[in-house]
Amino acid sequence: MSFPTLDSQPERGRAWSRRVLRLALCTGLALACACSSYPDKRLLQYLNTDGFGKRYTGNAEEENYVTIGDTLRIFDSYSPDELGADVVVDIDGTVLLVELGAVQVAGMTRTEIEALLMEKYSPFFDLLDIKVRIDARGKNYFVFGEVNGEGEKPFKGDLTLFEAVMPIYKSDSANLGRVQLIRADPRDPRIITADLTDMFRGDSTFNVHVQELDIIYVPPTMLAQLGYFIDTLLFPARQVLQGLGGALFGLRGRRRGFGGGFGGGVGGGFGGGIF
């Protein structure tokens with residue numbers, strides 16, 4: 001029968017300490033991961049859960065809908081003077097109408113608005129035939145990258161990717177073989193990479209239809225990326241040289257001003273005193 005010796009006891013103590021340390025580290029990492037993966041409860045109420053994130057959305061090409069900034073044109077064949085109006089949808093999604101006041105219309109389609117106005121005006125008029133036309137002003141898509149005039153573009157409908165890119169792309173730096181159409185969504189985001197040069201060969205497979213709120217990105221070519229990289233590397237040196245040039249120019253101007261003032265003062269005083 002063997003008994004533990006004095007030499008084995010410190011070794012057991014060190015092994016036990018290492019186990020405790022490992023357990024503490026694992027527990028700490030688990031807690032850190034749990035804390036970082038669980039978002040703040042106050043933040044959850046503001047996160048987007050559907051689509052692009054706008055409050056009023058729809059498919060304007062199937063049936064036009066009203067959003068903020070659109071103009072609502074109302075006609076009635078029986079009472080054209082009383083009910084005829086051109087009103088802009090306000091920031092709260094309402095329009096001001098005769099006899100009705102503020103009416104919430106944002107997000108509604110044309111037929112829904114016509115039905116709503118027929119219902120609301122029926123107590124005031126015996127005969128009604130209300131028709132509505134929507135002039136879209138608040139519907140857009142976006143273009144970024146190697147294009148002239150990045151940012152928001154008005155969406156007028158029936159637009160393809162080729163039609164959206166070709167009038168504005170930069171011919172010396174745009175990579176038309178890797179154009180991306182991005183359809184943002186928190187659950188099902190879609191990114192379609194299209195080679196628009198296929199269109200010149202007659203293949204329109206990737207000339208996809210652009211929808212409202214789509215994001216189009218035209219990437220730079222490899223040579224353009226190299227140029228941008230070198231420009232970024234030289235940016236600090238260029239800033240320093242511009243600063244030094246501005247300082248030297250200002251110093252030279254001050255010297256000229258000092259010399260002109262001194263010469264003019266002395267010469268003018270001396271000449272005026274004698275002559």
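Me: Before anything else, what counts as buried, exposed or partly exposed here?
Reply: Buried means under 20% relative accessible area, exposed over 50%, and partly exposed in between, with a 1.4 Å probe and protein chains only. This is a predicted model, where local features need pLDDT of at least 70 and side-chain atom pairs count only at pLDDT 80 or more, while totals for chains, interfaces and linings use all residues. Residues are numbered from 1 along each chain as its sequence is written, and side-chain values use heavy atoms, with hydrogens and water left out.

Me: OK. Is D86 buried or exposed?
Reply: D86 is exposed, at a relative accessible area of 52%.

Me: And what does D86 form a salt bridge with?
Reply: R73, with the closest N and O atoms 2.6 Å apart. A salt bridge here is a side-chain nitrogen of Lys or Arg within 4 Å of a carboxyl oxygen of Asp or Glu. D86 sits in strand β2 and R73 in strand β1, 13 residues apart, so the pair links distant parts of the chain. R73 itself is buried, with a relative accessible area of 19%.

Me: How many salt bridges in the whole structure?
Reply: Nine. Another one of them joins R190 and D188, whose closest N and O atoms are 3.7 Å apart. R190 is partly exposed at 46% relative accessible area, and D188 is partly exposed at 45%. Separately, salt bridges that share partners join R73, D86, R133 and D135 into one network.

Me: Switching to the sheet. What is the strand order?
Reply: β2-β1-β5, three strands in an open sheet with antiparallel pairing. Strands are DSSP E runs of at least two residues, helices are H or I runs of at least four, and both are numbered from the N terminus. Two strands pair if DSSP finds at least two bridges between them.

Me: Why is one side of β2 and of β5 left without a neighbour?
Reply: β2 (85-88) and β5 (130-135) stand at the edges with a single partner strand each, so one side of each has no neighbour in the sheet. The twist from one strand to the next averages 20°.

Me: How many bridges does β1 make with β2?
Reply: Four, between β2 and β1 (residues 71-76). R73 stands opposite D86 there, and I74 has A85 as its bridge partner. With β5, β1 pairs over six bridges, and I74 stands opposite V132.

Me: Which helix packs on the sheet?
Reply: α4 (residues 110-121), touching β1 and β5 (contact means heavy atoms within 4.5 Å). The direction of α4 makes about 140° with that of β5; axes are lines fitted to C-alpha atoms, for helices over the stretch in contact, and angles run from 0 to 180 degrees between N-to-C directions. β1 is mostly covered, with five of its six residues buried.

Me: Now V218. Where does it lie?
Reply: In strand β12 (residues 215-218). V218 counts as buried, at 0% relative accessibility.

Me: What does V218 touch?
Reply: Leaving out residues up to four places away in sequence, its contacts include F144, V147, V165 and V179.

Me: Last one, how many helices and strands in the chain?
Reply: Six helices and twelve strands. Of the 275 residues, 27% are buried.
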